[in-house]
Amino acid sequence: MRRLLIALLVFIAAPAFAADTPAVKGLWLLTDYPSQTVRPGEAATVRFKLQNAGMAPEQLALSVGGVPTGWKVDILGGGQPVAAAMPALNESVSLQLRVDVPRDARPGSHNVTVQARGAAQSIDLPLTLTIASETPAKLGLKTKLPSLMGTPRSSFEYTLTVSNDSGKDLTVALAAQGPANFQSTFTEGYGSNEISSIPIEAGQSKDIRIKVTPPRDVKAGNYPVLVRVSAEGATAEQRVTLQISGQGKLALTARDNRLSGEAEAGKPATYTLILANDGTAPVEDVELAGSVPTNWKVEFNPKNLASLAPNERKEVLAVVTPADKTIAGDYVASFRANARGESSSADFRITVTTSTVWGIVGIGIIAVALLVLLGAVARFGRR
């Protein structure tokens with residue numbers, strides 16, 4: 001029974017060992033692109049790795065042979081220059097060959113060899129570096145939504161894709177040309193920082209956003225903005241359009257801007273308000289309302305307006321009736337104009353005075369009280 005159990009364990013464990021053991025043993029220097037193009041006056045990077053498949057780990061000295069005169073090469077590991085590497089069993093070490101090509105580099109192909117040398121084994125990686133001819137920079141610029149609609153208070157934001165179609169990294173400058181008093185700002189596609197340029201690697205593209213803010217008093221219409229990107233003599237342009245529908249703007253005030261008046265307790269007082277539309281589109285369904293102290297009344301004439309055209313002004317009468325027992329003094333009433341998507345309000349100070357009749361009545365009561373007092377003194381004082 002014991003022998004059978006051991007045999008089963010061996011049978012089960014055997015595939016696991018087979019899966020961990022590489023089919024081919026050895027030491028390799030590997031790269032995805034053994035032949036690359038480099039440019040005079042620029043630095044190029046060749047990524048490669050040192051692979052250990054089933055071999056005992058050992059330290060391997062790294063070097064580069066066949067380097068053309070005037071060229072400078074470094075082997076980097078983890079971002080730092082390294083002279084040796086030691087991959088663990090069935091592991092690999094990622095490395096980079098940095099090549100600084102002089103400006104006067106001889107055209108053509110150059111063969112260099114990366115070498116890894118150890119006590120028991122060594123390996124070479126031949127590379128071909130070809131000097132490329134200088135090609136002009138080329139940019140692309142496009143957007144999926146070149147036209148947006150809104151009001152002067154809307155935020156017009158367009159997402160554009162800038163592509164670097166040249167063979168070198170570029171720092172691309174951003175600019176926009178729009179109507180007078182239109183403000184434009186650029187940000188990264190997924191950032192909030194404002195930018196004026198953006199670096200893009202060769203053959204890559206990036207998204208940017210441009211936010212265009214029109215002036216509040218702009219009239220309804222279509223307004224084009226030309227977006228331009230440029231780098232090293234290359235330019236690309238994309239036109240975007242703001243379709244502005246206009247925006248009404250209510251303003252409520254009093255005649256001569258005098259936001260105060262007088263009233264008498266218990267009697268209606270009429271004040272003239274001015275309702276204006278200072279916007280660029282009609283304001284519709286305007287309704288007047290007000291807030292007054294407790295037990296006061298307020299009415300408007302007219303209370304509703306169907307529409308108010310741009311730059312139109314109309315007079316509205318506000319009739320306020322203080323309560324009968326209101327004490328003399330200053331009070332505040334709030335008048336409001338509400339429309340579809342627009343509103344405006346104004347606070348109005350009302351000075352309340354009491355009726356002179358009540359004053360005369362008060363004086364009469366005091367006089368009667370004095371007469372009663374004097375009569376009482378005259379009658380009972382002699383006793």
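Which strand holds D285? Select D285 and find out: D285 sits in strand β24, residues 283–291. Strands here are DSSP runs of E, at least two residues long, numbered from the N terminus.

Before moving on, some ground rules. This model is predicted, so local features need pLDDT of at least 70, side-chain atom pairs count only at pLDDT 80 or more, and totals for chains, interfaces and linings use all residues. Residues are numbered from 1 along each chain as its sequence is written, and side-chain values use heavy atoms, with hydrogens and water left out.

**Stop 1: backbone angles**

Stay on D285. Its phi is near 55°, a positive value in a residue other than glycine. D285 is partly exposed, at 43% relative accessible area. (Buried is under 20%, exposed over 50%, partly exposed in between, using a 1.4 Å probe and protein chains only.)

Now select N181. It lies in the loop between β14 (170–177) and β15 (183–188). Phi of N181 is near 70°, again positive in a residue other than glycine. N181 is exposed, with a relative accessible area of 60%.

Next, pick N301 and P302. A cis peptide bond joins them, with omega about -5°. P302 is in the loop between β25 (297–301) and β26 (304–308).

**Stop 2: two loop residues**

Select E312, in the loop between β26 and β27 (313–321). Beyond its neighbours within four places in sequence, E312 touches L275, A276 and N277. Contact means heavy atoms within 4.5 Å.

Go to Q247, in the loop between β20 (234–244) and β21 (250–254). Its side chain makes a polar contact of 3.3 Å with the side chain of T151. (A polar contact pairs N or O atoms within 3.5 Å; within protein, one must be able to donate a hydrogen and the other to accept it, and residues adjacent in sequence count only if both atoms are side-chain atoms.)

**Stop 3: the largest pocket**

Select Q36, A44, T45, V46 and R47. Of the 21 residues lining the largest pocket, these are the closest to its centre. Which strand gives the most to this lining? β3 does, with 7 residues. β2 (35–38) and β3 (43–53) each supply at least two.

A pocket is an open set of points on a 1 Å grid over the protein atoms alone, where a 1.4 Å probe fits, with protein on both sides within 12 Å along at least five of seven lines; lining residues have an atom within 4 Å of a point.

Methods
Helices (H or I, at least four residues) and strands (E, at least two) are DSSP runs, numbered from the N terminus.
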